[in-house]
Amino acid sequence: MRIALSLKFWIFCIFIFIQFRVLAQVQLPGGVKMPSGGGGGGKGGAVLDDSTKAIYGPKTTQHYYENDILNNRDSVRYRVDTALTNFHRWSPVDQFWGKLVDLGNVATASRNIFYQPRQDIGAQLGFRAYDTYAIKQDEVQYIDTKSPYTYITFVNGGKKTSMGRFGYSQNVHSRFNFGLNAQRLTSNKQYGTYSALSSAAFLGQNWTVLLHTSFFSKNKKYLLLAHFRHLNQKVREQGGVIPEAGDDGVINPYTYDGLARISDDANSWERRKVFHIYQQYKLANGFQLFQQADYQNVINRYTDKSITRGIEKGIYRTVRFDSIETRQDIYYKLFDNKFGIKGQFSEFNYRAYVRQRLYGMKGLGQAANTTGLPSLTYRTGLKFDNIVGAWVGYYLKDSAQYLTAEAELNLSLNVEYNLKAELNTRWGKAGMQVIQTAPDLLAQRYSGNNFDWNNNFDPTKVLTLYASLPLKTKRIDFVPDAQIHQLVDYIYYDTLAAPTQYDPRFGIYRIGATMSTHLKRWNFAGMGYCSWTDNSNVIKIPSYFGSGEVTFDFVYAKVLYIQLGLAARYRSTYYADAYMPVTQQFHRQNSSPVAGRVVTDAFANIRIKRVRLFFQMSYLNMGGKYKLFPEGYYITPNYLGQARAFSFGITWPLFD
C-alpha cells in the first residue's frame, strides 16, 4: 500500500511539471563539458537560454573549492550538477560502486575493501568507521550565486531508510556569500528484536551540518574562506544476525527476521565538530601569504547496558570490570595551523609552509559512579607536531596536464614524512608516494571493560606506485590502471580485535580498468579489478571485483528525459574483515568467508526541467520462486546485506 501511494504521488508530480523543458549540463574547468546522460539520442539535454527565458539558473550559480584557490586556480568555477547519470546512486555503497562495504544498511560503520594509504602525516585518533558520512574539507563548496540558491533532496529508501537534504546560499553582495547545508540520514533494523511502529526500529541515525562563508576584498588582494562542519552519528549496534533453523531443521544462513548477537541496549555514538578557516593576502604578483587552520573536537562513545548476550555470542571475549554493563568514552581535540607563502610564476605554482599541530586524547573506561564500581581514566597529555612542507606544480595551458611534487617532514619525536609526485598528461598518468606515519592514538593506548593495551609501535612505511593509460576512441573510453603498495611495520587489528604490528615488508597489488561506451542512446560504464597480496594473513582483499551499469536514454513527449538502467556488482569470495563495535574497528578473521555474490539493481532516472527523480529496485536477483539465486548475502561477516527493496527520491533546485 505504501509503495502504491508513493507511485501515485510521483506520477502526479510528473504530469504537473510535464510542460517544462530540460536544463542539464555541467561546466568543468578549462571549458570541458560533461554530458547530461539523458535524452536526445545521446547528445545530452537541451540548454535553457537563461538570458532570455529565465534570469537565474545553473548558469548564474557556480561553486569552487578551497584546493583550487590554494593551488592558484582562483578563476576555476563549477556549474550546478543537473545530470541524470548516477543520480540514483544515493547510498554510500552505490556511490562507491560497491568498493565500500558497510554493516548491511546505510548509516552504519563502513570501510573500503581495497587498501588505501594515508595521504597526510601527523598523529590521528584512529576512529574512521563513520568517515563516509562526515563532510570532508575538500568537499566543501563555496558558492557564487546571483540570486538565492536553494535545493531540497528527499529519498525514501528501501526497508524504511530515508535521507533528507537541504541547502541554502546567498550572496550578500558580489564579494560576500554565506550558506547552510544540512542532512539527516536514517535506517531501520532488518533483524533483531524491535517493533516496527516504535523508535526501537531505528538502526542508524546521522546528522551533518555545514555552515560556510566566503569574502573577497574589493581590490581582490584578500580572501577569506571559513566553514563549520558537524557530524552526529548514532548506531544501535547488533553484532550481526543469529541464523535460525527452518521448519525442516536446516539452518538458514539468511535469516532476515533473526535475532541480533548483542542486546538492543548497545549503542555507538560519535560527534565531530570542525571549525576551519583559510586566508590569503596578495603582497605582489606571484607572491601571496596564506593560512589554513582547523580546530576539531571529537567525542566517541560505546555503551551496552546488558552485555550477557554479547558474551554468549563471543562479541565480548573478555570482561575486566563489570559483567553487566560496558561503557567507553574517548575525547579528542586538535588544533592544526598552517602558515606559508605561495604563488605563481609563468606555468609554475608553488607553496612552502610551516605547520603546527597540538592534540590530545582522553579515555574513560566505565562511567564514573558513587557505588564503588570500577572506572578508570587515561590520557595522552598535550602533544605537538611541527611540520615543514613544500609543493610545486607545473601546469600546461589547458590545466588538465600537469606535473606536481610535494614534500612534508614532521620534526617532532614521531618522525614522519610524505613525498609525492604525479604526472598527468593526455597520454597517461603516473605517480608515486612514500609516506611514514605515526601510529593512531587509539592503537597505542586503550583501556576499558573489554580491551586493554598499551603499545609502542613503530611508524608505518608505505611506498605506492600507480599508473593508468587512457585509450579513447569516438565512442569508447578504456583506461587500464595498476597499483603497487609496499608496506613495512604495518599496523592492523588481529583476530582478537586488538592492534598488532607486522614488521617485515609485504606487497599489495591491483590491476584493472575502467570503461565507458556510448552508442547512441545506449551507454555502458564499469570497472573491473584483479588484486592479490604477498601476505594474506595480515590483509585480505577479494581477488576479483567488478561493477558496472547499462543505461538507455530517451525523451518522452519532448519534455520528459528518462534514463532506464540496470546495474550489477560482484566481488569474489574472501575472508573479509569482521567488525568490533566496542572499538569501532574492522579486524582480521579466518572463520567466516564472505561468499562472492552478484547483486543487481534496476533503476529509472527522470528529469523534468530542473527537477530530478529516481526510482530504484535494489537486489533485484534476490531468491525467487524457482530458487535460481540465494535468498540473501553477507556484506560483512555476520552482517546481512540489505534485502530487496524499492527506493525513490527527488532533488529540486530553486534559483530565486
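**Cavities in a predicted model**

β36 (560-571), β39 and β41 (634-636) each supply at least two residues of the lining of the second largest cavity; strands are DSSP runs of E of at least two residues and helices runs of H or I of at least four, numbered from the N terminus. The model is predicted, so local features need pLDDT of at least 70 and side-chain atom pairs count only at pLDDT 80 or more, while totals for chains, interfaces and linings use all residues. Residues are numbered from 1 along each chain as its sequence is written, and side-chain values use heavy atoms, without hydrogens and water.

**Cavity count**
- The model has five cavities of 30 Å³ or more (a cavity is a set of points, on a 1 Å grid over the protein atoms alone, where a 1.4 Å probe fits but cannot get out; lining residues have an atom within 4 Å of a point).

**Second largest cavity**
- Its volume is about 120 Å³ (the space filled by probe spheres set on the points, which are joined across faces, edges and corners).
- β36 gives the largest share of this lining, three residues.
- Lining residues include Gly-98, Phe-545, Arg-569, Tyr-570 and Arg-571.
- Seven lining residues are nonpolar, one is polar and three are charged (Ala, Val, Leu, Ile, Met, Phe, Trp, Tyr, Cys and Pro count as nonpolar, Asp, Glu, Lys and Arg as charged, the others, Gly among them, as polar).

**Largest cavity**
- The largest cavity holds about 300 Å³ of space.
- Of its 22 lining residues, Ser-91, Val-93, Arg-569, Ser-618 and Gln-642 are the closest to the centre.
- α3 (92-95), β39 (597-608) and β40 (611-618) each supply at least two residues of this lining.
- The lining of the largest cavity has eight nonpolar, 10 polar and four charged residues.

Definitions and conventions. 1 Å grid on protein atoms, 1.4 Å probe; cavity = no way out; pocket = protein on both sides within 12 Å on 5 of 7 lines; lining within 4 Å.
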